[in-house]
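Here are a few friendly notes to read with the structure open beside you.

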Amino acid sequence: MPTSIFLDKLDTSGFLSRLYTQTNSSTPITNTTSELSLLDGGLGTLTVPANGFQVGDSFTAVATGHISSANNHTLRIRIKSDGNVLSDTGLITMSGATNKHWRLEVYFTIRALGGSGVASIVTGGTFFYTKDANNTFEGTNFSTETTTGFDTTVSNTLVITAQWGTASTSDSIYSEIFTLSKTY
């Protein structure tokens with residue numbers, strides 16, 4: 001059985017399952033080019049304490065919500081730990097969308113422990129949304145291995161942000177559901 005600070009969250013197989021669930025919709029990010037959080041308050045924790053990771057620890061984060069965007073405006077989603085970018089979507093040139101749904105799936109695995117330059121985490125996932133034309137899906141995928149800045153000897157708090165390329169009242173995104181689970 002693994003040892004962890006999350007022993008109260010062990011499932012019957014001995015592995016962690018639920019770490020965090022958002023209980024409120026996030027504040028809409030609209031009419032701004034500022035990078036802001038897509039997450040809101042909830043139950044559990046988004047923080048792993050110093051030396052709390054083990055090699056092989058794997059996590060899944062899933063968020064869903066509503067989005068509106070002007071055609072050809074850009075959006076960027078970043079996955080961070082204490083200001084360090086673990087992965088990001090890059091600039092996504094958006095198709096027109098009016099009060100449509102979106103989904104973000106993120107997977108993380110710890111590959112090595114230690115300070116910055118030694119510790120390693122690989123982060124990958126997908127972001128997709130429904131566009132107005134034909135109600136079809138559009139999106140992107142991403143995958144990054146991070147060693148610079150990532151440090152398992154200090155506490156790490158997960159943050160997911162969104163940033164529009166243009167300040168417009170036509171551009172808005174917020175999350176309604178977010179869950180973080182440990183899968184291994």
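1. A word on terms: strands here are DSSP runs of E with at least two residues, numbered from the N terminus. Please keep in mind that this is a predicted model.

2. Let's start with Glu105, which sits in strand S10. Is Glu105 buried or exposed? Its relative accessible area is 17%, and because buried means under 20%, Glu105 counts as buried.

3. The side chain of Glu105 has polar partners in Arg103, at 2.6 Å, and in Tyr107, at 3.2 Å. Leaving aside residues up to four places away in sequence, Glu105 touches Ala61, Val62, Gly124, Gly125, Thr126 and Phe142.

4. Next, the largest nonpolar core, which has 37 residues. Phe108, Phe127, Ile173, Phe178 and Leu180 touch the most other members. Strands S1, S6, S7, S10, S11, S13 and S14 each give two or more residues to this core. Which of them gives the most? That is S10, with six residues.

5. Six aromatic pairs turn up across the whole structure. One of them joins Phe53 and Phe150 in a tilted arrangement, 6.0 Å centre to centre with 55° between the planes. Phe53 lies in the loop between S5 and S6, and Phe150 in the loop between S12 and S13, so the pair links parts of the chain 97 residues apart.

6. Together with Phe59, they form one aromatic cluster.

Notes: Residues are numbered from 1 along each chain as its sequence is written. This is a predicted model: local features need pLDDT of at least 70, side-chain atom pairs count only at pLDDT 80 or more; totals for chains, interfaces and linings use all residues. Side-chain values use heavy atoms; hydrogens and water are left out. A nonpolar core is a set of buried Ala, Val, Leu, Ile, Met, Phe, Trp, Tyr and Cys residues joined through side-chain atoms within 4.5 Å. Buried means under 20% relative accessible area, exposed over 50%, partly exposed in between (1.4 Å probe, protein chains only). Helices (H or I, at least four residues) and strands (E, at least two) are DSSP runs, numbered from the N terminus. A polar contact is a pair of N or O atoms within 3.5 Å; within protein, one must be able to donate a hydrogen and the other to accept it, and residues adjacent in sequence count only if both atoms are side-chain atoms. Contact means heavy atoms within 4.5 Å. Rings of Phe, Tyr and Trp (its six-membered ring) pair if their centres lie within 6.5 Å; planes under 30 degrees apart count as stacked, over 60 as edge-to-face and the rest as tilted.
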